[in-house]
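Hi,

Here is the structure I said I'd pass on.

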Amino acid sequence: MALDPQAAVLLELMQAAGMKGFDELSVEEARAAGMAGIVGGDPEPVARVEDRLLPGPAGDIPVRVYAPSTGGELPVVVYYHGGGWVICNLDTHDGVCRRLANLAGCVVVSVDYRLAPEHRFPAAIDDAYAALAWVAGHASEIGGDASRLAVAGDSAGGNLAAAACLVARDRGGPPLAMQLLVYPVTDHDFETPSMVDAGEGYLLTTGAMRWFWAHYLGDDESAADDPYAAPMRATDLSGLPPALVITAEYDPLRHEGEAYAARLADSGVPVTCTRYDGMMHGFFQQPEMLDKAAEAQEQAAAALREALASTPTTAGH
């Protein structure tokens, strides 16, 4: 179908602002552009917001904890922000974490993992897993219930969420109830049908993905075969937590997200894969401007509520 009219307006606004492709910018310029791209009004209130530092493999990892209510132990979602492993931070994804906390009725822990190119692979996934392991061991300190734990992320954050599930399975824990993967990066492949068909003109481009991957891997392109960098390259996807994979029709990452969902299903993992027609990459963060973003966030929250209603019995065992 055609680009959704609301999405077309959003793209026109960005183009009118003279937004360049990330691959045309320096790292510093790209990070500034990522901050400038935040759209929305006042932050949605939540009962409690707390910035903390968690111990990591190379120093403290900043996180932001969102709780929709006080008292009692709530399910916990560890969230990894998108941004190609190079840009974005806790502030760029503050809005989506607030909404998920309120909609899903869970504590959300947003992780400010180390960014490339200053810290290349595997720094981001090392931090992602370290934060997850800390939350599993200390959930009660943040009002959470470690027996009801999930991971979530968008784009490169979806990549880290998927990879964190692989690490958790391979290292024997923690057990996870669900993985929410929003247009995730799952493979180092620039020739997929959607990379070719939607690689220009829809916010994220194939050129930008080459730029992000180059910064993440550096000169060691062989790292792209590591399943913790490209989960699609894993030989075995069995024993992973149930997944909700959300994709967008006009997104270069659409094909690899849907292909990963299909591989999960073939491996016996319960999976729901929903494509939002007429949408482009990044839509999930824009519920104020895109009706389908609000719909997708509500779908994600409903799936989290259901998955976290009881103690998981799969991944990590």
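This is a predicted model: local features need pLDDT of at least 70, side-chain atom pairs count only at pLDDT 80 or more; totals for chains, interfaces and linings use all residues.

**What I found**

Residues are numbered from 1 along each chain as its sequence is written, and side-chain values use heavy atoms, with hydrogens and water left out.

Back to serine 110: is it buried or exposed? It counts as buried, because its relative accessibility is 0%. The cut-offs are under 20% relative accessible area for buried, over 50% for exposed and partly exposed in between, using a 1.4 Å probe and protein chains only. Leaving aside residues up to four places away in sequence, serine 110 touches Pro62, Val63, Arg64, Tyr66, Tyr79, Leu90 and Cys97, where a contact means heavy atoms within 4.5 Å.

Eight strands make up an open sheet with mixed pairing, in the order 1-2-4-3-5-6-7-8. Two strands count as paired if DSSP finds at least two bridges between them. Strand 1 (48–56) and strand 8 (271–280) are at the edges with a single partner strand each, so one side of each has no neighbour in the sheet. From one strand to the next, the twist averages 20 degrees. Helix 4 (residues 123–138) packs on the sheet and touches strand 1, strand 2 (59–67), strand 3 (74–80), strand 4 and strand 5. The direction of helix 4 makes about 115 degrees with that of strand 1; axes are lines fitted to C-alpha atoms (for helices, over the stretch in contact), and angles run from 0 to 180 degrees between N-to-C directions.

Moving along the sheet, strand 5 (residues 144–154) and strand 6 (residues 178–182) pair in the parallel sense over five bridges, with glycine 153 opposite leucine 181 in strand 6. Strand 6 also pairs with strand 7 in the parallel sense, over four bridges, and leucine 180 has leucine 244 in strand 7 as its bridge partner. Strand 7 in turn runs parallel to strand 8, joined by seven bridges, and leucine 244 stands opposite threonine 272 in strand 8.

How many residues of strand 7 (residues 243–250) are buried? Eight of the eight are, so strand 7 is largely enclosed by the rest of the structure.

**Charged pairs**

The count comes to 16 salt bridges, each being a side-chain nitrogen of Lys or Arg within 4 Å of a carboxyl oxygen of Asp or Glu. In one of them, arginine 52 pairs with glutamate 141, with the closest N and O atoms 3.4 Å apart. Arginine 52 is in strand 1 and glutamate 141 in the loop between helix 4 and strand 5, so this pair ties together parts 89 residues apart in sequence. Glutamate 141 is partly exposed, at a relative accessible area of 46%.

Glutamate 258 and arginine 275 form another salt bridge, at 2.8 Å between the closest N and O atoms. That pair links helix 8 to strand 8, 17 residues apart.

Cheers

Note on methods
Helices (H or I, at least four residues) and strands (E, at least two) are DSSP runs, numbered from the N terminus.
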